[in-house]
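Here is a short briefing on one protein model. Look at the sequence and the 3D view, then read on by topic.

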Amino acid sequence: MSAATTRSRTPDRLCAEAVDLARAAAEEAAAPGVVGEHAGFESEGDRVVTHFFECKEFGYRGWRWAVTVARASRAKLVTLDEVVLLPGPDSLLAPEWVPWSERLRPGDMGPGDLLPTDAEDLRLEPGYTGEDEPPPNSAVSEEMAELVEAEDAEVTAGTPATLPVAPTRGSIAAVAEELGIRRARVLSRYGLHVAADRWEDGFGSKTPMAQAAPAACVSCGFLVAIGGSLGQAFGVCANEFSPADGHVVSLSYGCGGHSEAAIMPKPPQPPAPVIDETRVDPFPLRPAADSGSVPVGVDEDSAELGHS
């Protein structure tokens, strides 16, 4: 073990007393009036001491000016080593830097924003490139000839090399185009699972709306089916009154707007008025003589008393 490592870490007396030298160096490096009171010192090694001064700069709460001074062996003159601004124990620090790809959240993109996709994105995989497709003038095997007869493929009299345009119906490229995999990259199995889990969390069977629904979306008339493997478990809601309108929903999701949950009864219609237009009801212009309460044939004595 060397002698330097066995020496005591006791601060050097001359370096510890060089507070004025350290302050002058800090004030020279900083703006005027931002160097505060002396906040102590620390021994960095043999004849090396760092003095700390409070920082009054706005936005640097808890930071300290650190001035390191040193003294050569057997010398009585203290010299300046370095001046830096360092954070203290209770200083205000910026949050740890996180790459933008990890800070991005759903809904952060706006009009005009571009989201570059990583070349090694696990959600994507290469699509069909056509490299494995046999050339147009290659020989057709017996198994392929049997498939041509069984499948709905276009059959020509000659080889494709003799035709002005190579047939596309029934070819591998046509099938890839129909399935939507003739692109540079398509969803990988991991990407499908991630999307399915995300959609299940938003509009799945475990949501409060689905738990209180009278029926599931699989039997709803407002459900629009989607293609691909995800179509076996998801669809698109087309009910404008549903909270999931225009969203991809799980077939086990449901809401109160189910098409067959409750059919509104028709309001009762009043009966048609009965009017007999085939006969005429007579209405006399004058009342009949015998329509009163007193008979017509009365004597003269009773006539004086009047009658109705």
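The points below go from the overall build to single residues.

The model is predicted. The protein has nine helices and nine strands. Its chain counts 308 residues, and 20% of them are buried.

**Overall build**

- The accessible surface of the protein is about 23700 Å². Carbon and sulfur atoms hold 57% of that surface.
- Take the contacts between residues at least 6 apart in sequence: 51% of them join residues at least 24 apart.

**Nonpolar cores**

- In soluble globular proteins, nonpolar side chains tend to be buried together.
- The largest nonpolar core here has 16 residues. Val35, Phe53, Trp65, Val67 and Val69 touch the most other members.
- Three elements each give this core at least two residues: α3 (19–29), β2 (48–55) and β3 (63–71).
- The largest share, four residues, comes from β3.
- What does Val69 touch, leaving aside residues up to four places away in sequence? Its contacts include Cys15, Leu21, Arg47, Val48, Val49 and His51. Val78, Thr79, Leu80 and Asp81 are also among them.
- A second, separate core has seven residues, including Phe203, Ala210, Ala244 and Tyr253.

- An α-helix has 3.6 residues a turn, so residues three or four places apart point the same way.
- The buried residues of α3 are Ala22, Ala25 and Ala26. They cover an arc of only 100° around the axis, which puts them on the same side of α3.

**Aromatic pairs**

- How many aromatic pairs does a search of the whole structure find? The search finds three.
- One of them joins Trp199 and Phe234. Their ring centres are 5.5 Å apart and their planes meet at 80°, so this pair is edge-to-face.
- The pair links distant parts of the chain, 35 residues apart. Trp199 is in helix α7 (residues 189–202), while Phe234 is in strand β8 (residues 234–237).
- Is Phe234 buried or exposed? Phe234 is buried, because its relative accessibility is 5%. Trp199 has 25%, so Trp199 is partly exposed.
- Phe203 and Tyr253 also pair. Their ring centres are 5.6 Å apart and their planes are at 90°, so this pair is edge-to-face.
- Phe203 sits in the loop between α7 and α8 (208–211), and Tyr253 in the loop between β9 (248–250) and α9 (300–304). The pair therefore ties together parts that are 50 residues apart in sequence.
- Phe203 counts as buried at 18% relative accessibility, because the cut-off for buried is under 20%. Tyr253 is buried too, at 3%.

**Arginines to look at**

- Arg64 lies over the face of Phe52, at 4.0 Å from the ring centre.
- Most residues other than glycine have a negative phi. Two arginines have a positive value: phi is near 60° for Arg47 and near 65° for Arg74.
- Arg47 is in the loop between β1 and β2. With a relative accessible area of 24%, Arg47 is partly exposed.
- Arg74 is in the loop between β3 and β4. Its relative accessibility is 83%, so Arg74 counts as exposed.

Terms used:
Residues numbered from 1 in each chain as written. Predicted model: local features only at pLDDT ≥ 70, side-chain atom pairs only at ≥ 80, totals over all residues. Heavy atoms only, no water. Core = buried A, V, L, I, M, F, W, Y, C linked by side-chain atoms within 4.5 Å. Buried < 20%, exposed > 50% of the residue type's maximum accessible area, 1.4 Å probe, protein only. Contact = heavy atoms within 4.5 Å. Phe/Tyr/Trp six-rings, centres within 6.5 Å; stacked < 30°, edge-to-face > 60°. Lys NZ or Arg CZ within 6 Å of the ring centre and 35° of its normal. Arc of directions from axis to C-beta. Areas by Shrake-Rupley, 256 points an atom, 1.4 Å probe, with all protein chains shown as cover.
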